[in-house]
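Student: Please take a close look at one part of this model for me. I would like the salt bridges and their surroundings, with cut-offs.

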Amino acid sequence: MTNPVSAVAQPAFATRFPGAVRRLPWLVLALLAVFPLLAPTLGLEYYVGFVRRVLIVAIAATSLNFILGYGGMAALGHAGFIGVGAYTVVALVEAGVSSAWLAWGGALVFGGLAAALIGAVSLRTRGVYFIMITLAFAQMLYYLAVSLRTYGGDDGYGLYTPLAMGPWLDGAHPDVFYWVVLAIAAGVFALFSRVAHSRYGHALRGIRDNETRMVALGYPVFRLKLAGFVAAGAVAGLAGGLLASHNTFVSPGMMHWTQSALLLVMVILGGLGRRWGAPLGVALWLTLEEALKMHTDYWHWPLGVLLLLVVFHAPQGLAALLERRGDRQGGAA
């Protein structure tokens, strides 16, 4: 006799275990928070800096995912804002600023200002023209950085003196910078997730799906898109400031168009418009890159194969693939 339970579709995993789904981000955050304390006993001190770099790049990728995945703005110059933030830190250090909070705050502000100026022109175009004009502006910023001999020009600029976060933080623990980056990353993820599900986020997705209809409904489309573009540029600038402190070195290469393309690949790999798509794509790409470099000089080939597999088997990204598998495992029998 057929089991009546097996004949009825079971609810999805997220529906059956909503508490587990809600607690998963907190579990990941807790594991990341205790990692620097466990790393010395496990012989993984090097990977504390690696995870910190992953978090910083994930901040920039999350800002790109917001305008691309939710707003449909395919910008191919996002690394330019990262470079603006990094060189803002360099300029402030050269001017005598030693506070990390002032330097990172300046990176946030000037990243947003650069995005406002570029967005005011770029957002008047669509499609491939928008892609090309954002690329052109990013390359202009790249060549501007190359010409700045005061800040090292093409050779870059070294930050030999660490920025001060305050006496109550600097002497607390050698990995306090890691925890500051983790807190900022968690705040950025939570903020963009909240905004994406707000009225503004729904309006932005409506513009992505049918801009003409949103104009007909009376929405200020240009202002809504510009607000999202500026927010994403400001957060990318903050990521650039954090990256400058992490690397203790800034060069024009960090805003080259290839870096924008790599950031775009990470976001697509994780899943456009998915809540955890950008962090997942960044973590997977950088981890595989780090692991493959230890075994072969031709590490680009396996990553290229990975991209092909994702294109054919998970066109909506790995986050969407994991969601579908979770639904199937907890769904219909």
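Tutor: E211 and K225 form a salt bridge, with their closest N and O atoms 3.5 Å apart. A salt bridge here is a side-chain nitrogen of Lys or Arg within 4 Å of a carboxyl oxygen of Asp or Glu. The pair links distant parts of the chain: E211 sits in helix α10, K225 in helix α11, 14 residues apart. Helices are DSSP runs of H or I, at least four residues, numbered from the N terminus. Both E211 and K225 are buried. Buried means under 20% relative accessible area, exposed over 50%, partly exposed in between (1.4 Å probe, protein chains only). R126 joins E211 and K225 in a network of salt bridges.

This is a predicted model: local features need pLDDT of at least 70, side-chain atom pairs count only at pLDDT 80 or more, and totals for chains, interfaces and linings use all residues. Residues are numbered from 1 along each chain as its sequence is written, and side-chain values use heavy atoms, with hydrogens and water left out.

By the salt-bridge rule the count comes to four. One of them pairs R208 with D209, at 3.0 Å from N to O. R208 counts as partly exposed because its relative accessibility is 35%. D209 has a relative accessible area of 56%, so D209 is exposed.

Helix α9 spans residues 199-209. Its buried residues are G201, A203, L204, R205, G206 and I207. They pack against α3 (46-70), α8 (176-196), α10 (211-216) and α11 (221-247). Contact means heavy atoms within 4.5 Å.

Helix α3 also holds T62. T62 counts as buried because its relative accessibility is 7%. Its side chain reaches the backbone oxygen of A58 at 2.7 Å. Leaving out residues up to four places away in sequence, T62 touches V188, F189, F192, A278 and P279.

Now to helix α13, residues 277-293. There the side chains of E289 and K293 meet in a salt bridge, 3.0 Å from N to O. The two are four residues apart, about one turn of the helix. An α-helix has 3.6 residues a turn, so residues three or four places apart point the same way. E289 is at 11% relative accessibility and therefore counts as buried. K293 is partly exposed because its relative accessible area is 43%.

How values were computed: A polar contact is a pair of N or O atoms within 3.5 Å; within protein, one must be able to donate a hydrogen and the other to accept it, and residues adjacent in sequence count only if both atoms are side-chain atoms.
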